[in-house]
Every structure is written in C-alpha cells, then in structure tokens.
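Subject: Structure handover

Hello,

Here is the structure for you to look at. Please open it first, then read my notes below.

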Amino acid sequence: MLNFLKKIPSPKLIWQKIKQTMDTSAPLVWFFVLNVILVWFKTFVNYHMNFNLGAEGAIQQFLLFLNPIPTAIIFLSIALYFRGALSYWIAILFNAIQSLWLFSNMLYYREFSDFLSMGILSSGSSTGNNLGKSIAAIIHWSDYLIFLDIIILIGLVIFKQLTIDRKGVQKKFAVLTTVLGVVLMLVDYGIASSDRSGLLTRSFDNNYIVKYLGLNEYAAFNAVQTYNQTESRKRAKPADLDKIKQFVSTQKLPDNIQYYGTQKGKNVFMIHLESFQQFLIDYKVDGQEVTPNLNKFYHDQSTLSFDNFYNQVGQGKTSDAEMMQENSLFGLATGSAMVKYGTNNTFESLPAILNQRGYTSAAFHGDVASFWNRDNTYKSFGYNYFFSKAYYPNANKPNFNVGYGLKDKIFLQDSAKYIEQLPQPFYAKLITVTNHYPYDLDKENIDFPATKTGDNTVDGYVQTAHYLDSAFAELMDYLKKAGLYDNSVFVLYGDHYGISENHQPAIAQLLGKDKVTNYDLAQFQKVPFMIHANNLKGGINHTYGGEIDMLPTLLDLLGVPDDNMTMFGQDLLSPKYQGVVAMRDGDWITPQYMKFNNQYFNTQSGEQEILNDNSDLKQVATKTQSYVDKVLSYSDAVITGDLLRFDKNRSDFNAVNKKSFDYKKTSGLAQLKAAQESNPSSILAQNKGQSTLGMYKTDAPELSNNHNNNTSK
Ligand code: GP9
Ligand code: MN
C-alpha cells in the first residue's frame, strides 16, 4: 500500500539532483535562477497571505503573479557581473535586502493596512504610528521563515556545499539578464496602465501600486515622491507664508449677522454624497423622482440650498473634495494632495478647529483606510476617530460590498453603532461610496428604472443615486428618533461629477438636448451643497460658489472666528461675497461670464462670447484669470512648501499632534469605551447605556433576515 511512497524521492535525493545540475553547467546561473525563484515565491505567497491587495479579474491576478519577477531579476543580476564566491554573496545580499523590505512591510501592513513609506521611515514617530512599540506585539515566529532560505544559502556557501563558479558568466549575458528584467518591468507597467489609467500620476492608493507594479517598484516610486516633497519643503521659507496670509486677509469677508453663530455648539454631520451631481435634484425618470428624499430636504424651509455650486476637484477627485471641505485648500494640479502631502504636512483643518472647541471628531467610510492615504492624512487633519472598513464586520461578507466598499444602507446603519457612542458635540463625516462609477448594483437593491441612453456606464447612475437617497433617508429617520436631529447641523455635498465629459451623447439625452456644448458641460459640474438645521432660515440660494467655500461658510454658521486662518475660499453667506469659482485647471465661473474648456460664455444665457480687446468680457476675464491663477498657485505653495508649519504662536489654533491619534480598531474601540466614562455626553451615555440601534430601520435586503443580529453586534 505504501509502495507509491517509495517512488517519491527523498529530500536528500532531490537536493543531490539540484546540486548535480547546478554543478555541471554554469553553476552561477543556476544559483541566480534559484534566488529569483525564492524571492518571487516569498513575495507571491505574502501577497496572498499577508496583504489585502484586492486583485480582481484575470489581468490583475496575472500582474500579481508577474510583478515580483522583474526587480528580482534586476537586483539579482548584479551578482552576474562578478565571479567567484563574491558573486554568490552578492546574490544572497540582494535576496536578503528584498526579504527584509518584504518582512518590514508585512509587519507594518498587519498593523496599519498600508505599506511603509519613506516619509514614515524618516520621520517615524511624528506620524504617530508608534512603530517600535507595537512590532513586538504583532510578530509571529513564522514570519521569520522569510529568512530561512537565506540562512540555508549562507550555510551552503560557508560549508562549501556548492561548487563555486570561478569563471562567472560573460558580461554580455549579465547585461542581457538585467535588460530582460527591465523589459519585463515595462511589460508589467504597460498592462497595468491599460487596466488602470493614471496609476502613477493619480496614485490613488499604495495598495494599487503594489498590486500592479510590485513592492520594490512601490518603494522606488515612493522614494521619488518623498524626494520631491522634501525638496519643495526645503525651499520654502516663513516669508512665503507671510505673503500669502497677506493676500488671504484681503479676501476675508464680513460675516452675515443673520447667520453668524446660529449653529454654535451643535453636532455637525458632514454627509459626503459620492459622485452626486446637482442635476439629479428634482430629476425624473419615467415620471418618478430619482432622489425624492434629498429633493424634500433640498426644498425644506430649514435647508439652505445652493444651486450654483461647483465641484472644483482635479485628479485627486474625492480626496481633493475632502482637502477643500476640511481645509479650504485646493487639491494639486496633478495627483492627490492627500496622498502626496497628507502624511507629513501641517494643516489647520475642520476636525482640529472643532476639537479645540470641545468637539469630538470622527470620519466614517466603508472602504479600506489606506485609500487616498486617509489613514495618515486624517491624523494630520486632527480626526479623533477614523471608522474605516476594518470597523465594519459586515464588510467581510461578500455581497455586502459593491465597488469600493460597503453598500451605503449597510454602511450608514452600521455607523450608528459608533455615532451613538460619540461624546457630544461631535463632528461626524460620513463618506458614502455606492453611487460610484461604474454604478453597479445587484438586482435585489434596484427599485428604480435605469435611464435609456444606451450608454452602459451612464444608465445605472440614477439607480445608485436612488439607492443613496433611500440610504440617506434611513439615516435621517434614525437620527430623528435617536434624538440627534434637533441639536445637529447637517451639511451635504456632492464631491464631483458622476458622468464624465467622455459621455457627451448620453449627457445630451439626459438633458433632453440634441448636442451638448461646453456651457452644458460646465453646468454639469454643479454639485449639491445644502446646510440644514431646525433653526436655520433656508431657501434656494443662487450665489455662485464651490467646494473651496464650504469651510468659511460653515465656520460663519458655527460662530468660529477665522480671521487668522489660511483659507482660499470665502463665506458664501457674506453680504460682500462676489462669486468667482476657480476650477482646478484654471477655468472659472462668475455670475456674469465663464471660461470653460477654453471657451467663454455668458453665464446666465449660455451664449458663447468672443474675447475681443474692448469687450466687457475682456476686462472681467483678465481680472478673473489673474485672481484664479493667484489663488491656485498660492494654495499649491501652501501645500508643496508645507507653509502652515510656519504659522506658529497662534492664539486661535494649536498645532495638531499627529502622534496622539491611533485608528487601529482595538484602540479606537477602547478609546470610545473610555470616553463613555470620562465624557458621558454621547447619546448612549445619556440613555444610561441603553442602545438606540433598535431605532434604525433599513430595508437593505442583505440585513432582512438577520437584522437583529447585525444591530446588536
Ligand atoms: C474610495 C472613494 C472613491 O474610498 O472615496 O474615490 P473617488 O474614486 O471618487 O475619487
Ligand atoms: Mn468620489
């Protein structure tokens, strides 16, 4: 019966066979190949076991398989340029270096669900990750297996178990091998870019770079980025900030006495409506309103609704919207400011401003914490809590997610568990995600007709928007029942367009036009901005503004003095507000004229205008363009030069201590628990520990059978 076992060669026999082959022909080449295989194998196994890279589909799986090979070949091929024992030692050294990088990232990832960056390595403790302290707690003995092959290889060389190749290989062969590594890297990059355009320029998430290009390529990419940042930071001087603050102070507008401070001390709910465009408000499909609840909210007499409010994002999309909303600073011309500068820069952000006025601040999002570098950036912004995917056990269930994360109805319901524990007053930012390109939703969740433009990526948009609308209504309903409605102010905004300019025929159909002009496309950049509170005088406000203006407007309502803050937006409620909307690419919109995609239009009539020397337009355009260029370049200077670090000794704002925040789930939960005792002002504490979660009603089909289980978890 055990006969077949006899046929399996013993390990000793296998090794003898390998050694024989290695000895007879070009031993160094074999040693090189063996190391490449070992490095590839370790990396590939770790990709699957220790990292959560989210590779989907054949292309991404293939790249995950391929991407450890190019750098393994390039680095290990260095050994081929040498001969004798030295070449073996060099190969082992490069195997060891790659293994050490893999090992360090594995440990870091286990703790922070992100990869090590040069910024974190060089400024370690300042980012508040408390690296050293936690490593001991998270390391497993099996992690050291990464180094096992290196120890064996060292032993084999020392104890002369390998025939050392005295001749080495021909130079030509070494060069060709290195070139092969480079070619493979380019092939990988080519396939990756076709699957994910803007991979390096937009740099969404470190996970993406590793998934598509590899761990070592990520290290190189990150090193270049860090170098550029350090250089621009080094060049900056305090006088640069003085000049900018001077300009900003001339832009400060008087507050609106009717509104100033009317919302002081209230909880603030910032509700981020993903990819939500203004045209959806009151829009109908087959006679049915797409977003009946948001429409009601929009027209409510206690809602201030802006109907000429534009998104101003660049490539950083959501992260740019957040940068503006939290700081009144623009995103950058390329890439994401949060990704590039979020970790190390100094900011004067809304969570910190409110923290220093007794608020608790918390961000909620059903995607992984590393996306848009939120895990690090939020510490710089001063968020006390960041409830990301890891805090939502439901996110582990496969059909509970769609696209980037947890479906909105489940996300908002599961957020209530944390909302009820937040000491009041609090600032809670809820970032939805289901209404995101490509607007996919499972049949069970669809109860609205798709549009019929024939453009597949457009037609589902109203369905996911409708879903978001119901999710929003469920949340509001709960907040009313839980007693959080009356003492809160609600701010809603759409972060950016949902339907891009690449879908013009479909846009024309949605708008009931034959063809769209650049004027229509400009109108299509409008997103909602609504502020609601039971004591607020509402109405539809036609002021022209954009995301950069959200913060000063909100600070006016909250009665927070902002005279000394470096903000590039203006208070939309100020009686002196004039309304110039700067688009990130340098286009602009004023109530009179606009420049969009290099054409000029009359903003009110939509007529195209020609710029000739004596026209009224010429005057407005010259003045507006120079203002727009100035705010954009000043805002860029603040970010790339990290200028706010020079803004010291302020009486109205203390610098954020990034180190004091820890978003690990265990830490966050412990902190929340302790807060119930130390500051018993949460809804839960006020209810003497009696949870309000039973009041949350959702029709999410995923939760229908086990609703109670999920809410009591
Ligand atoms: C992911 C989400 C999407 O976490 O915020 O970002 P976007 O693609 O809209 O910029
Ligand atoms: Mn977005």
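Which residue stands opposite Gln 608 in E17? Phe 601 does.

Before the rest, some ground rules. This is a predicted model, in which local features need pLDDT of at least 70, side-chain atom pairs count only at pLDDT 80 or more, and totals for chains, interfaces and linings use all residues. Residues are numbered from 1 along each chain as its sequence is written, chains are lettered from A and ligands numbered from 1 in the order in which they are written, and side-chain values use heavy atoms, with hydrogens and water left out.

Strands (E, at least two residues) and helices (H or I, at least four) are DSSP runs, numbered from the N terminus. Two strands pair if DSSP finds at least two bridges between them. Strand E15 (residues 593–596) and strand E16 (residues 599–602) run antiparallel, joined by 4 bridges. Phe 596 has Gln 599 in E16 as its bridge partner. The two strands form a hairpin with 2 residues between them. Asn 597, in the turn, has a positive phi of about 45°.

Asn 598 also sits in the loop between E15 and E16. Its relative accessible area is 63%, so Asn 598 is exposed (exposed is over 50%, buried under 20%, partly exposed in between, with a 1.4 Å probe and protein chains only). Asn 598 and Ser 117 are 481 residues apart in sequence. Their C-alpha atoms are 39 Å apart in space.

E16 also pairs with strand E17 (residues 608–609). These two run antiparallel, with 2 bridges. Their hairpin has 5 residues between the strands, and Gly 606 takes a positive phi near 85°.

**The open sheet**

Now look for 8 strands in an open sheet. The order is E6-E5-E9-E1-E10-E11-E4-E12, and the pairing is mixed. Strand E6 (385–387) and strand E12 (539–546) stand at the edges. Each has a single partner strand, so one side of each has no neighbour in the sheet. Neighbouring strands are turned by 15° against each other on average, direction ignored.

Inside the sheet, E1 (residues 267–273) runs parallel to E9, with 5 bridges. Met 270 has Lys 429 in E9 as its bridge partner.

**Two buried residues**

Thr 451 lies in the loop between strand E9 (426–431) and helix H21 (456–459). It counts as buried because its relative accessibility is 10%. Its side chain makes a polar contact with the side chain of Asp 459, at 2.6 Å. (A polar contact is a pair of N or O atoms within 3.5 Å; within protein, one must be able to donate a hydrogen and the other to accept it, and residues adjacent in sequence count only if both atoms are side-chain atoms.) Leaving aside neighbours within four places in sequence, Thr 451 is in contact (heavy atoms within 4.5 Å) with residues including Val 285, Val 458 and Leu 510.

Phe 472 lies in helix H22 (residues 461–482). At 3% relative accessibility, Phe 472 is buried. Not counting residues up to four places away in sequence, Phe 472 touches Ile 271, Asn 293, Leu 294, Phe 297, Leu 412 and Leu 492. Lys 409 is 63 residues from Phe 472 along the chain, with 7.9 Å between their C-alpha atoms.

**One helix contact**

Finally, find where H2 meets H3. Thr 21, Met 22 and Asp 23 in H2 meet Pro 27, Trp 30 and Phe 31 in H3.

Best wishes

Note on methods: Axes are lines fitted to C-alpha atoms, for helices over the stretch in contact, and angles run from 0 to 180 degrees between N-to-C directions.
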